[in-house]
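Open the model in a viewer and keep the selection tool at hand. The stops below say what to select next and what is there.

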Amino acid sequence: MVVERTNLQNYVEYVGLRILMCAMYLLGRSLAHFVGRVLAFVLFHFVPVRKKQVLQNIALSFPEKSRKEVIAIARKTYKTFTKVFVDMFFISKMPDSEIEKMLIYDNEVIDETLARGKGLVLLSAHFGNWELSALAFAKKYTVALIVAKQSNDFVDMMINSFRNKKGFNVIDFQRDDKMSFRRIVRALRKNQVLAILGDQDAGRQGIFLPFFGRLASTPKGPAFFAIRAGSPIITAFGVRQKDGSMKMKVEEIPMPNTGDEEKDIEIINSIYNNRLEKVIRENPDQWFWFHRRWNTLPNEK
């Protein structure tokens, strides 16, 4: 049974978030990160929300690791994402010049693909500090960002307001949303970069492909948009460095042409899953293990 949220609940959460933001601003970013580390400790040890999910996801993805190693990765994951959480508060206050310096990447692949004039689909994930990476990327390129709607309307409007002020063309894409689809097509025709995070469970509408040795429902959308628009598609994952900057590896996915669109989508998504799995194995604490990534089973009706 799904319990609908009330406007009062949403507003109370929104006000609480605004108060927390003000408190963070008063502390400053460095001290706020320290508070975040304390919060990570408290959440991991005393607030069991999603902890079981995190430990299970890591254990099943790394069966070769001991329980002690799995717990160590989980602890680091909590620390990583309290850092991301804190940084999200400060994004709206950071000057563009500072944001731009936060991302290190070779733009040769991006410039070459955009030179074709067909737009570009950038396929990334909830990895490292994805919001900061995307903002830094948007300082150089025109980015249309596909986002999922938050359950709290007030918070959703606030976050998207921050994104728009920092230069994003935010597209709140919902399933069967014809207006959003037209905006996506328009962005690619204008030779913009369409940025999408493709690492969440896609439900029954997804395509089931291997990810860490298990079948995971993977979104078809990014590959579908690239194929239909004739746009190149790349993977880009920003690995967080010790100084807080992101080092992003950018690789194009060769566009298949089997004559079968579903098969082409499968090939593109298989490459994406393989590349994402590789970067997670190298930096296991930087992926958002809190997701119910394998929630939809392939044999479900």
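Predicted model: local features only at pLDDT ≥ 70, side-chain atom pairs only at ≥ 80, totals over all residues.

Start with L209, which stands opposite A216 in β7. Residues are numbered from 1 along each chain as its sequence is written, and side-chain values use heavy atoms, with hydrogens and water left out.

Select residues 207-211, strand β6, and residues 214-218, strand β7: they pair in the antiparallel sense over five bridges. Two strands count as paired if DSSP finds at least two bridges between them. Strands of a sheet pair through backbone hydrogen bonds, either parallel or antiparallel.

Now select F212, in the loop between β6 and β7. The hairpin has two residues between its strands. F212 is not a glycine, yet it has a positive phi of about 55 degrees. Is F212 buried or exposed? F212 is buried, with a relative accessible area of 4%. Buried means under 20% relative accessible area, exposed means over 50%, and partly exposed is in between, with a 1.4 Å probe and protein chains only.

**The loop between α9 and β5**

Go to N191, which lies in the loop between α9 and β5. N191 also has a positive phi, about 65 degrees, although it is not a glycine. Its relative accessibility is 28%, so N191 counts as partly exposed.

Select Q192 next, in the loop between α9 (178-189) and β5 (193-197). Q192 is buried, at a relative accessible area of 12%. Show its contacts (heavy atoms within 4.5 Å). Leaving aside neighbours within four places in sequence, Q192 touches L114, G119, L120, T142, A144, N169 and A187.

**The seven-stranded sheet**

Colour the strands in the order β1-β9-β8-β2-β5-β3-β4: these seven form an open sheet with mixed pairing. At the edges stand β1 (103-105) and β4 (169-172); each has a single partner strand, so one side of each is left without a neighbour in the sheet. Neighbouring strands of this sheet are turned by 30 degrees against each other on average, direction ignored. Axes are lines fitted to C-alpha atoms, for helices over the stretch in contact, and angles run from 0 to 180 degrees between N-to-C directions.

Within the sheet, select β8 (residues 233-240) and β9 (residues 246-253), which pair in the antiparallel sense over eight bridges.

I267 counts as partly exposed, at 26% relative accessibility. Leaving aside neighbours within four places in sequence, I267 is in contact with P256 and T258. For a distance label, pick the C-alpha atoms of I267 and K65: they are separated by 30 Å, and the two residues are 202 residues apart along the chain.

Move to helix α3 (residues 51-61), where the buried residues are Q53, V54, L55, N57, I58 and S61. These buried residues pack against α4, β7 and α11. An α-helix has 3.6 residues a turn, so residues three or four places apart point the same way.

Select T82 in helix α4. T82 is buried, with a relative accessible area of 8%. Beyond its neighbours within four places in sequence, T82 is in contact with G36, R37, L39 and A40.

The last stop is the second largest pocket. Which residues lie nearest its centre? Of its 16 lining residues, T80, K83, R240, Q241 and K242 lie nearest the centre of the second largest pocket. The elements that give two or more residues to this lining are α2 (29-46) and α4 (67-91). The largest share, four residues, comes from α4.

Note on methods: 1 Å grid on protein atoms, 1.4 Å probe; cavity = no way out; pocket = protein on both sides within 12 Å on 5 of 7 lines; lining within 4 Å.
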